[in-house]
Amino acid sequence: MSQQAINFTLNGVPTRVSVPVDMSALEMIRNVAGLTGTKYGCGEGECGACTILLDGVSLNSCLLFAVECDGRQLTTIEGLASDPLGLRIEKAFVEAGAVQCGFCTPGMVVQAKQLLEQNPHPTREEIQRGIEGNLCRCTGYVKIIDAIEAATKDLPPAPLPGEGGNGRSLRSGTNKE
Amino acid sequence: MPETIQRDSLIGKRITKLDAPEKASGKTRYIQDLDVQGQLYGKILRSSRVHAKIKRIDTSKAKALPGVHAVITAADVPYQRPIGVAKDHFPLKTDRVRSTRDEIAAVAAESEAIAEAALKLIEVEYEDLPILADPYDSLKPGAPLIHPEPHGASAKHDHLKQAQGIAYLGKPDNVAMTFDYAQGDVAAGERESDVVFEDTFTLHYVTHCCMGVSGIIAEFDSSGNLLLYSNTQVPFLHKREFAEILSMDPARIRIIQPPIGGGFGSKLDIYPFEPICVYLAKATGRPVKLVFTREEEFLASPTRQPVILTLRSGCKKDGTLTFRTVNTLHDNGAYTSWGATTPFVMMQTISSLYRVPHCLYHTKAVYTNNPYAGSFRGYGNLQATFAVEQHMDMMAEAIGMDPLDFRMKNAQDPGEVTPQGMHFKSCGLKECLTTAAEMSGYREKFKINLANRDKPGHIKRGIGMASMLHVGGGAKIYPSDGCGTILKMDDFGSVTLITGASEIGQGSETVLAQLVCEELGLPLSAVRVVNNDTEITPWDVGVHASRTTFIAGNSAIGAAKKARSKILAAAATQAGLNADDLDLRGSHIVEAKSGTVVMSLSKLLRQLHFNDKAELVMTSFYYEPPSRHQDKHFKGDVSAAYAWATQVVEVEVDTDTGIVKMLKVTGAHDVGRVLNRLGIEGQIEGGIVMGQGYALTEELMVENGIVRNPGFRDYKLVTAPEIPEMDVRFIETMDGEGPQGAKGVGEAPAICIAAATANAIHNATGVRIMALPFTPEKVYRALHAAKKEAA
């Protein structure tokens, strides 16, 4: 398979890699960049375990070709370690008991970050719809919804400044098809 | 140093999981995320036929592909031995395939892509055999045999016949296993009955859908010692079984469990991919990593046991239960795993959930060419409860009794010893029943819904209840149900808790740490838990049967108590006080009555370490108090304690479309005592939603041996917007043997949901559906069939 060199920003770090043209962004993140926080759950965009932010918009990285990342900004769960909202969500997941086996958790956290950037004070129903593309087999979702709700406490009413959050229209739901 | 410290208990508090920060930040490394330097990638070629003889396999083209290190078939591993609960198959199939998941060949290559390309180059010639897709067909006289004798392998490997496995000797019929149980005289019971019902309930295929797919890494060192990175739920049983399968000394096998992306019972058996990965490591002399795709996970990981269950039960006019007769047919699939043994649990529900004097129980597990079933949270109890609890409602209606009163009249009490021999030392069933009914407004809503049934409008509400009984204090299935603990105290006042118990996300390591801190007056931050390496951890039978909190908890408490008395004795000597008057609180030794601080724990420990050769390593092994194993007639007590629950489900049925919405689940759970409130809530909520999927949305569709929906697109898991409102209360019966009074809870919340949903649909519509799942189509058809009948 022919290779292609691409340049992009990965969690704020300028990155250049050469990848086969049929490689998914998920494989590139995990196997080329070596960041394993983004999980393979199904490979067909149904479970949300591989959710990342591309230019601030959440999507399933298994459905994205790596070459499509050229010139874009990628944020994975590892990138949220330096993001105030991301950290707040992670802490809320821990405190609310939203983590059991934990395999869906990184994707959930990334999806929650997107959701709260667009809608800092969602209702429980909006949270439920916001994570509808992310499957969890352990928790029954209750404590995940609790966690996202708790993470909104003390959030300012407008979208937070931060990567990808500025100027986006307020919507519930996700960008995932 | 504080002057006084008052006692502050951790029990019942909301304790966050020790492993949660790593998991929430994406730093946890699951099997998929682990790489061993120099590893190759393993892939398996599975059968493209449902049932066929293998006429020829040609691997030459695959072997010639650059980057391929090994291509193996059964012929390359003459040493392979049969696996599974009945030892009825070889990891790599020899002369025939019996289901589409069957493993024919395996490749180890330098990348996954090369391994996949190599699979496509392997040529297999088949000769198709007749397909048995229905267990009834398998029982017909003259039916083709799934395991005819002798197998191709047996002729070649006569010396291995002593294993006596079906894989060597074959089977003269298609019956994999039978179970028979009897108590009393069902004929006499039937004569006493005023009402008798007989119905057949059909339970479908569902599968675990762990979010982390299956995987393993196998590596040999230069001395031939085998290291496995494995997701197993039963590391010590697997160590022994791998040794048998591989003809190795168990001492040469080490199993390390990385954090596991979901278990739910799916990882209790050894499946072919695991020994196959070892064969590849052996063939190449390199570490080999083998990880499933999601499609493979659907095709080649176990299912819940599909069951056809015929239940005949009766009662007197006054509501006294008289008898139950049960015949079940289990579709065993092509091979035997733990699913075949679920009658062990099913018969407990039949005989002992309520007081029934006369019982007869028969199961036949029958070979077909379908997927084979393993163990799955609830272990047959969802199926048994689905039938029993529907009949409870039907009998109550027939004698004109309120379903709650009918259950209360027949419910077990504490102290009861059932005819099967189960001893209910703590039993909160009656409290569960009344609490769940009161919380949900069951009686009133039941009547209102009945009154609304025939009123105009296509949206009907229903409320239904079901109760359950499940092991909650270990399960005496193996020769030992024990668990060991090693507790090490360092010179700073920190504890390393080394336990045999495995963590699969359910939160056992947090609960165990909590129990130790409770004894030693330590904050949770002072405890590290080591629980994933057979070379380090003491023996344990594994994480299953809702046993870990009870068994491993008691084991951890045992070690902590030893540390406690050693510390207090040393402190008493130093301070010139009586050890009985001292306590451990907030990392200090204090006077128990006043809370006055005597000294800091770390200071005392340093003195002991440096001056006293204190040997601050404690060991403890807990095996539930000696009680009889069941005899060969399945009589006897199987657990030190039993868990109870009642769940009430409220639904909305759209009679125009057949869509059933689950609105609310109210639960009352006898858990002995709540240890970690956050953790136990999570178990209950997750179990309820798993039960909801079983009842409403999930079905592995198997058509003539072929799985039609091997992916999340067509296998419908419940998503966040669909969950019901949940209201759960805990009934604390303080079990005398439980750790701090607690009993097991892991499986309980999934068990009643389907049964209670069936009762709720009946309450809403007057139509009783005895087959799962309640898809819109099935419900719509049932409603319209009933309408036609009425017309």
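Tutor: Two residues are in contact if their C-beta atoms, placed from the backbone, lie within 7 Å. This is a predicted model, in which local features need pLDDT of at least 70 and side-chain atom pairs count only at pLDDT 80 or more, while totals for chains, interfaces and linings use all residues. Residues are numbered from 1 along each chain as its sequence is written, and chains are lettered from A and ligands numbered from 1 in the order in which they are written.

The contact takes 40 residues from chain A and 45 residues from chain B. On the side of chain B that touches chain A, α1 (20–24) and α19 (677–697) each supply at least two residues; helices here are DSSP runs of H or I with at least four residues, strands are runs of E with at least two, and both are numbered from the N terminus. The most is given by α19(B), with eight residues. By class, this side of chain B has 19 nonpolar, 16 polar and ten charged residues, where Ala, Val, Leu, Ile, Met, Phe, Trp, Tyr, Cys and Pro count as nonpolar, Asp, Glu, Lys and Arg as charged, and the others, Gly among them, as polar.

In the largest nonpolar core, which has 293 residues, A:F93 and B:V516 touch the most other members. The largest share of this core, eleven residues, comes from helix α17 (residues 548–575) of chain B. Such a core is a set of buried Ala, Val, Leu, Ile, Met, Phe, Trp, Tyr and Cys residues joined through C-beta atoms within 7 Å. A residue is buried if 20 or more other C-beta atoms lie within 10 Å of its own, exposed if 12 or fewer, and partly exposed in between, with C-beta atoms placed from the backbone.

Chain A itself has five helices and five strands, which run β-β-α-β-β-β-α-α-α-α from the N terminus on. Of its 177 residues, 57% are buried. Among contacts in chain A between residues at least 6 apart in sequence, 64% join residues at least 24 apart. A:P122 lies in the loop between α3 (105–118) and α4 (124–130) of chain A, and A:P122 counts as buried because 21 C-beta neighbours are inside 10 Å.
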